[in-house]
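User: I would like to learn how to read the features of a structure one at a time. Please give the general idea and then the case at hand.

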Amino acid sequence: MKPRPCGCKGCRTCLICEKFYGAESLKLSLKLDKNKGYVYCPFCNKAWPGWEIDEYKQHPNHSGEPINYPGIYIEPDFITASEEEELIKCIDQVPWDISQSGRRKQNYGPKTNFKKKKIVPGNFEGFPEFSKFLQDRFKSIDLLRDYQVIEQCSLEYDPSKGASIDPHIDDCWIWGERIVTVNCLSDSVLTMTVFKGDIKKYNLYCADEYYPVVQPDGSIDLEFINKDKTMLDSCKPNEEIDAIIRIPLIRRSIIVMYGESRYHWEHCILREDITSRRVCIAYREFTPPYLTNGAYHEIGNEITTRAKKFWDHKSKYKKDDEIIDT
Ligand SMILES: O=C(O)CCC(=O)C(=O)O
Ligand SMILES: [Fe+2]
């Protein structure tokens, strides 16, 4: 199916194109068995049987037999209500780009081609100043030691568009182990399903060519002293699991996905889990080959230098506003 004016391509759909183009039949309706559900509790870091996300609020009075689910870090009150309000005000002063599955986005980062594994700086000149406090605050989280943001992307999910994100793993050729997200405006759920597909998909095989950043004890090794097992191998699920893990994306919280959850599970956001407008800011770092001493450190360094810059969105988007206003 051709790209549609709503922004959807291929098998991706939103409420708009489903109504207008009758694309509903194309939608691989995500048939998930809710009986396989486990709700991740950010307070005890265990996943408890259930589907409804509010179940984590029962902590410490959970019921059933919990399972461990490695590779998730959640800090509930990462930003305050007033910081959130100011942040969203500024984000909405920047034009949104239409994206897929009913989402809109604002992307800051180098130009990447995951298929050809090509990266160029393009017009990337860093990030809006109003979002700098978030990156500065990463320094308060041990798991984010030496985290250099390379890509920052604001994503908007609007329930009236039936917004969602299909199951996927973030690219493993260019994006590093720690995927960071700051959640704003409403609570939602990240639904995790185990990935048993081809390692060519998502460039997962690349993660068999570098080493883990996050160590078993949670410490950070960016000198890659531990070459015991490759990234992909070091975090394989050890049992035959048949579970769907539901992770709370709490308003104003920060979540870090790494290790097993990052490399061996697909993540998605179901349409039914977007109940009011949600905006998140997603962050990505480079894979080891693009860091100091890596095989591609030259292009890596050039892009990293640009990623240390911040600019004023008001002067950058002034012209657009003036045109609209006159
Ligand atoms: O909205 C989210 O929290 C997830 C977004 C995501 O998975 C992505 O941008 O790759
Ligand atoms: Fe993702």
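User: Which residues does W48 touch, not counting residues up to four places away in sequence?

Analyst: This is a predicted model. W48 touches Y38, V39, C41, E55, H62, G64 and P66. The residue itself lies in strand β2.

User: Is W48 buried or exposed?

Analyst: The general idea is to count neighbours: a residue with 20 or more other C-beta atoms within 10 Å of its own is called buried. W48 has 21 C-beta neighbours inside 10 Å, so W48 counts as buried.

User: How far apart are the C-alpha atoms of W48 and H267?

Analyst: They are separated by 18 Å, and the two residues are 219 residues apart along the chain.

User: In what order do the strands of the mixed open sheet run?

Analyst: The general idea first. In a regular strand the side chains alternate between the two faces of the sheet. In this structure, 7 strands form an open sheet with mixed pairing, in the order β3-β2-β1-β14-β13-β16-β11. Its edge strands are β3 (67–68) and β11 (165–168), and each pairs on one side only.

User: How is β2 joined to β3?

Analyst: Strand β2 covers residues 46–49, runs antiparallel to β3 and is joined to it by 2 bridges. A47 has I67 as its bridge partner in β3.

User: Which strands does β13 pair with in the antiparallel sense?

Analyst: One is β14 (residues 244–249), paired with β13 over 6 bridges. Another is β16, where the pairing with β13 has 4 bridges. For individual positions, L190 has I247 as its bridge partner in β14, and M192 has H267 as its bridge partner in β16. Strand β13 (residues 188–194) is mostly covered, with 5 of its 7 residues buried.

User: What is the order of strands in the antiparallel open sheet, and which strands stand at its edges?

Analyst: The order is β4-β15-β12-β17-β10-β6-β5, with 7 strands in the sheet. β4 (72–75) and β5 stand at the edges; each has a single partner strand, so one side of each is left without a neighbour in the sheet. Inside the order, strand β12 (residues 179–184) is joined by 4 bridges to strand β15 (residues 254–257), and the two run antiparallel. There, I179 stands opposite M257 in β15.

User: Where do the domains divide the chain, and how many residues are in contact between them?

Analyst: Domain 1 spans 1–31 and domain 2 spans 39–325. Contact involves 9 residues of domain 1 and 10 residues of domain 2. On the domain 1 side, the touching residues comprise 5 nonpolar, 2 polar and 2 charged. The centres of the two domains, taken over C-alpha atoms, are 25 Å apart.

User: Which residues lie around ligand 1, and what are their classes?

Analyst: The residues around ligand 1 are L155, I165, D170, T181, L249, H267, I269, C280 and A282. The elements giving two or more residues to this shell are β16 (265–269) and β17 (278–284). By class the shell has 6 nonpolar, 2 polar and 1 charged residues.

User: What backbone details are found at P60, S101 and N293?

Analyst: The peptide bond from H59 to P60 is cis, with omega near 5°; P60 lies in the loop between β2 and β3. S101 is not a glycine, but has a positive phi of about 50°. N293 is also a residue other than glycine, with a positive phi near 75°. S101 is found in the loop between β5 (97–98) and β6 (103–108), while N293 lies in the loop between β17 and α6 (297–307).

User: Are S101 and N293 buried or exposed?

Analyst: S101 counts as buried because it has 25 C-beta neighbours inside 10 Å. N293 has 11 C-beta neighbours inside 10 Å, and therefore counts as exposed.

Terms used. Residues numbered from 1 in each chain as written. Chains lettered and ligands numbered in written order. Predicted model: local features only at pLDDT ≥ 70, side-chain atom pairs only at ≥ 80, totals over all residues. Near = placed C-beta within 6 Å. Nonpolar A, V, L, I, M, F, W, Y, C, P; charged D, E, K, R; others polar. Pairing = 2+ DSSP bridges. Domains from an automatic or database assignment. Contact = placed C-beta atoms within 7 Å. Buried ≥ 20, exposed ≤ 12 C-beta atoms within 10 Å, placed from the backbone.
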